[in-house]
Amino acid sequence: MSYVEYIARVPIFTVSLLPFAGVALLTFVIQLWIGVRRFSIRGFLDHCFPFEAWKAASAHIDVKIFVIRKLTDRFLDFLSLAPFTVLATLIDAYLMRRFPGYVAKAAATQGVILFCIITFVTSEFADYVTHYTEHKVPVLWDLHKIHHAAEFLSPFTAKREHPLAFVYQRVGNSLFTAVPAGIFMFTNGLSIADTLLFGLCVNYVGYVMTLGALKHSHFPVNFGWLDRIFASPHMHQIHHSSLPHHWDRNYGINLSIFDWIFGTAYQPRKGEVIVYGLAGETPEQHAAYHSIYGSYLKPFVDIGRRASRRVASSEAAT
């Protein structure tokens, strides 16, 4: 088994759990060292999983959606990867017809590294674009706001997405990354399965490198000056804030460079106050998102109402 295949076989939950457990233990030990806490098993568990937060409906729906996603993600992945497969294959076929005399070269280490870097940056730009549009296009926001309705962040919150929002994100990413994948397939004679495997490994490495497991957590870890390049957990936590000065900030998933380029970056200060949840919603409206109905069906109701208002206003104008 190659190292690429080995990385691809590592369960994503393991990749998530180990960094989370490591930071939880480290920060607890630091608090013991400086005298902020006294040691107890209950104190350690409360440090890792704050009991009061886990009693709330917001945390409960996070867990329920996580379980549902475990049952549906394979199907959703198939739907969202289909455009990547089709487009990359078409690009490879076009280049083969365009340059019939070209002989593909076996992928050298330098070529693989270059492809992985290009794929990673392209993927991050695609994620920035799709994430930005989810906040700016009303219909997409109706779907994406389910994720932002979380009032407490935990690793389960990462899966708190409407299925259509997930498919939109993945399809958007696929359409961007299929271009370098198709070119690499042609130049190096690789199959679509090979390029998918490389892409999966790139995502794994990026996730681990930027402590992805902590981005939906209560641990405000930042990277200092490296926040100018990589999206730290604290930067993403700011993105979930309902405070006005945090709105529309830090769209990047693993890289922050596009946020800095396009003026949407916000580097949090130590001890910065964050209030999670949706802005401009009443407690009753907010509570509606903490249910299966609110997470899966309410977005369609909101979209329907929005469409009805638009039709009504158009008729009134005429």
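**Helix packing and a buried proline**

**Exercise 1.** Determine the angle at which helix 6 (residues 109–136) and helix 7 (residues 138–148) pack and how far apart their axes lie, and then describe their contact by residue and class.

*Solution.* The model is predicted, so that local features need pLDDT of at least 70 and side-chain atom pairs count only at pLDDT 80 or more, while totals for chains, interfaces and linings use all residues. Residues are numbered from 1 along each chain as its sequence is written, and side-chain values use heavy atoms, with hydrogens and water left out.

Step 1. Helices are DSSP runs (H or I, at least four residues) numbered from the N terminus, and axes are lines fitted to C-alpha atoms over the stretch in contact, with angles from 0 to 180 degrees between N-to-C directions. The angle is about 100°, and the axes are 6 Å apart. Helix 6 is therefore roughly perpendicular to helix 7 (65 to 115 degrees).

Step 2. In contact (heavy atoms within 4.5 Å), His131, Thr133, Glu134, His135 and Lys136 of helix 6 meet Pro138, Leu140, Trp141, His144 and His148 of helix 7.

Step 3. By class, this contact has 3 nonpolar, 5 polar and 2 charged residues, where Ala, Val, Leu, Ile, Met, Phe, Trp, Tyr, Cys and Pro count as nonpolar, Asp, Glu, Lys and Arg as charged, and the others, Gly among them, as polar.

**Exercise 2.** Where does Pro50 lie, and is Pro50 buried or exposed?

*Solution.* Step 1. Pro50 sits in the loop between helix 3 and helix 4 (51–54).

Step 2. With a relative accessible area of 19%, Pro50 is buried (under 20%, with a 1.4 Å probe and protein chains only).

Step 3. Leaving aside neighbours within four places in sequence, Pro50 is in contact with Leu45, Phe152 and His218.

Note on methods
Helices (H or I, at least four residues) and strands (E, at least two) are DSSP runs, numbered from the N terminus. Buried means under 20% relative accessible area, exposed over 50%, partly exposed in between (1.4 Å probe, protein chains only). Angles under 35 degrees count as roughly parallel, over 145 as roughly antiparallel, 65 to 115 as roughly perpendicular and the rest as oblique.
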